[in-house]
Structure formats: structure tokens, C-alpha cells
Amino acid sequence: MNKMYCNDDLLEIRAGILHIGVGNFHRAHQQFYTHMLLHEKDQQSWGICGVCLLPSDEKIVNNLRAQDLKYSLTVCGRNGKNEVHKIYSLCELIWGVEDPDAVVRKIADDSIKIITLTITEGGYNLDKETGEFILDDEKIKYDLENPASPTTVFGFIAEGLRNRKVKNGGGITILSCDNLQHNGDTAKRAFTAFIEAQDKDLAAWVKENVTFPNSMVDRITPATTPEDIERLNKMNGMNDKAPVYCEDFAQWVIEDRFMAGRPAWERVGVEFTDDVTAFENMKLSLLNASHSLLSYPSFLMGYRKVDQAMENKDLVQFIRNFMDIDITPFVPVPKNTDLENYKKTLIERFANHSVSDQVNRLCSDGVSKFPVYIIPNLGKMIKEGKDLTRLAFLIASYRHYLKYKTDDHRNTFEVSEPWLTINDELLIANENPLDFLELSAFKGVHLKATEQFTDLYIRFVQDIRNSGIDWVLQSIIK
């Protein structure tokens, strides 16, 4: 039976945080931590004003508004026991498509001390090879030239900060909660490049009045399907139009660099540190990279749920070998962390039947994930002459997934790759598999020029096509 946590006593919550991107992960992670903290009277000025900027956000906006912005979060235990929390920390919600001026006014409001972001790995508009902000993007060019009518997250934040500066609203912190190495540095590079190109006076103000801490976030949160909504409501005895479910593990580590104060999140388990590097490197290199490693092979084998894929002993061994042989040598262990236990726990988390994450969620947007989760360590492995078998197999699987869109059981599927370029599409269509190695996702390394890699990759491309993914995986494991 589920244990229900309901908090009708939270009546005085005021927004001190503005969050852009009110998706499932945010609602299972940052909202959860903040909600738990808002029980304490001295913290009730740290509620969250959610901001949605996309036309596609209309459904979630309407659903949340229909229930006074409250929603249920089902935390699925590895022991099969669930906890249900009715989340109250979302105290305002603005849809930028409907009322763009309200977004700008809220950013300028001096009651807002922190802007948090979950805009996805690809949302920072950075060149995958140079890391530079892409100023010639059409939407970016429009916002640069029309500051008073923004359409992108960069335009909205710039205009909000400009108004904040004019009205002496004080300094503010911009805190990225996306899965990126040094996500605060990434956010700083992106937003300051945009603002510098648009308004040099504002750029000077930002330099003195805005901080961008790095953070590491972790909680497996599947997409919520219509079937999940029905299942969760039946299980929880609720009629929630916007329920979320997630695993029972959660972690949030943040560099303690806040310009205008912050919630006392440490009271509810958030860890503050001077340098988040070791934590984020461990998480991105092991959890996120292992998710990518699992995704394409298991999807091509016919699996659609992660926990079901984890019942395949070959896939589990494949992931463990990747963690132990390929990645562990490149992961500095954070203080007071047992790396072996961390890896063991990852396997348990992936296999959590109560969560039953979707494999296609892990497959989505690979072109943004590879540069963050895979390419940095692959570059190190090439440089040090390490065994490249597993990563060559992964990239061959990724090509097959994108090119043929058919699994081993002849099931066809659509792919979700919102950040593929026109040139990427041409490379995928090309019959020469070596050309695929010039995909924008791989710009950080010269795979085509690495003979040890290309020999393995070509063999795997041919074997997957001729014998199927399962047979190739077994040949690697043996």
C-alpha cells in the first residue's frame, strides 16, 4: 500500500525562485526538495514560480492550472513500496506564449532571488565543437534585434534582467539544473554571450550582479504516458491531470555561490560544496553514459522498458564492463563516496520495476547527449590507447537506430532528435558508415581518423546489419 504525504498546512508560500522548464524531472527533483523544505515557516518565501515558454507546453499549463498548480509525485521504492507526495511548492505558473510580458516582469521582480533552468542539454545553443554560443541562429538573431519582444529563453532572461537593472531590483543567481558538465559555466557562457551581443551595458551589470553556480542533479524520472496517469490515479486514489513518478534515489549537489540568498536546502538533503566537479563527473560518466550505452542496443533488441532490459544478463554485463573497465580509470571519486557501491546502486536503480523507465526516453536527443556523456571519456580512451570495443559498438548501434528505424524484430519506430542538423541528416542517409562519424554529436573527437576505432566500428556496423544486435552483443560479452 502507498504511504501518502499530504501537506494542506502550507498556506503562506511566496515565490522566491523562478524556474524555466516545468517538466517531469523538475517536478520530481527541485520541486520535491523545495516542497519538503517549505514545511518550515522561515523558508516559505522560497516557493517556485514556474515559467513555460513553448507552444507545446499548453497542455501541462492547463492541467496544472485546473488543479491549483498542485500535483502528485509518486516515489517508487526499489523495495516495491511507494510514497505519494502532494506537491505544493509550485505557487505561480506563467506561460510565455500567452503572456510574455508577465515573464519579463517576474524576472525583474525583486522578490525573485534565483532563476533555475531545465532547458535540456541541447537548449544552451552552443556549438558542439567549439563550445561557443551560436549567434547566427535565426531565433537568436530575432531576439538580439527585438529585445522588447523575446521568444527564446535567452531573450526573456536578458529583457527581464534589463528591467531588473533599471528598477534596481538587485542581484540574482542563475542556477542550471540540466545534465551538463559544469552546467553553471555552460549557462554563464551562453547567457553572457547573448547579452554581450545585445546590450553591453547590461553585460557589465550581469558581470557584477549575477552568479552561475555549477550543480549536479540526479533522479530517474520517466515520461508520464496516458496509461501512467490512469495507473497512478487508480493506485493513489486521486484524479490528478499531471502526476509524476520517479525513483526513490535523489541527489543534488550545488556550489554555494548565490548572489541574493538561497533556501536552506541542506535541511532536506541537498549537499553544498565549493567545487561540484567530482560529483558531476562521476554521475555523467557512470549513470548518464551507462543509460546511453544501454539505450540503443536494448531498443534494437526489442526492449521498451529499462527494467525489462536489465533482466538480460548480457546487457547487465555489458554495462558493468563499461563502468569497471572503460570509465572507472577516469572517474576521480568524490570525498566520502564508495565508488563500488555507487556502481552497484546504479544497476539496482536501472532495474527498479516500480519505476520501469522507458528505453525510448533514454534514446531521445542522442545528438545532444553524446557530447556530454560519451565523447569526453572516449577522447581520453583514444589518447591512452584503451580498448574501444564497447563504445565502437554503441556508436554503430546509434547509426543503425537512426538510419534504419527498425529493430531486430522488424518493428519500425520514429526517433526523437530535435537538434539534428541538415548535414547530420545527410550523414545518416549516406551509405558509407565512416561518414556517420562526422555527425555533429562527435565533433569533440576525430573518430574517422582513429584506425583502432574505425576497424571495430565498421565490423560492428556490418555485423549488426547482417546478424542482429543481440548476436553482436553476445560476441562482445564472450
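I172 stands opposite V210 in strand β9. This is a predicted model, so local features need pLDDT of at least 70 and side-chain atom pairs count only at pLDDT 80 or more, while totals for chains, interfaces and linings use all residues. Residues are numbered from 1 along each chain as its sequence is written, and side-chain values use heavy atoms, leaving out hydrogens and water.

**Whole chain**
- The chain holds 19 helices and 13 strands; both are DSSP runs numbered from the N terminus (helices: H or I, at least four residues; strands: E, at least two).
- Its radius of gyration is 22 Å, close to the 23 Å of the globule rule for 478 residues, so the chain is as compact as a globular protein of that length.
- That radius is taken over C-alpha atoms, and the rule is 2.2 Å times the number of residues to the power 0.38.
- The C-alpha trace spans about 65 × 55 × 45 Å along its principal axes.

**The sheet**
- Six strands form an open sheet with parallel pairing, in the order β6-β3-β2-β7-β8-β9.
- β6 (90-95) and β9 (210-211) are the edge strands; each has a single partner, so one side of each lacks a neighbour in the sheet.
- Strand β8 (residues 172-176) pairs with β9 in the parallel sense over two bridges; pairing requires at least two DSSP bridges between the strands.
- Helix α3 (residues 58-66) packs on the sheet and touches β3 (47-52) and β6; its direction makes about 145 degrees with that of β6.
- Contact means heavy atoms within 4.5 Å. Axes are lines fitted to C-alpha atoms, for helices over the stretch in contact, and angles run from 0 to 180 degrees between N-to-C directions.

**α19 against α12**
- The axes of α12 (residues 313-327) and α19 (residues 469-477) come within 10 Å and cross at roughly 50 degrees.
- The two helices are therefore oblique to each other; angles under 35 degrees count as roughly parallel, over 145 as roughly antiparallel, 65 to 115 as roughly perpendicular, and the rest as oblique.
- D314, L315, Q317, F318 and N321 in α12 meet L473, Q474 and I477 in α19.
- That contact has four nonpolar, three polar and one charged residues. Ala, Val, Leu, Ile, Met, Phe, Trp, Tyr, Cys and Pro count as nonpolar, Asp, Glu, Lys and Arg as charged, and the others, Gly among them, as polar.

**α19 against α16**
- α16 (residues 389-404) packs on α19 at about 175 degrees, with the axes 11 Å apart.
- This pair is therefore roughly antiparallel.
- From α16, T389, R390, F393 and S397 meet I469, V472, L473 and I476 of α19.
- Here the classes are five nonpolar, two polar and one charged residues.
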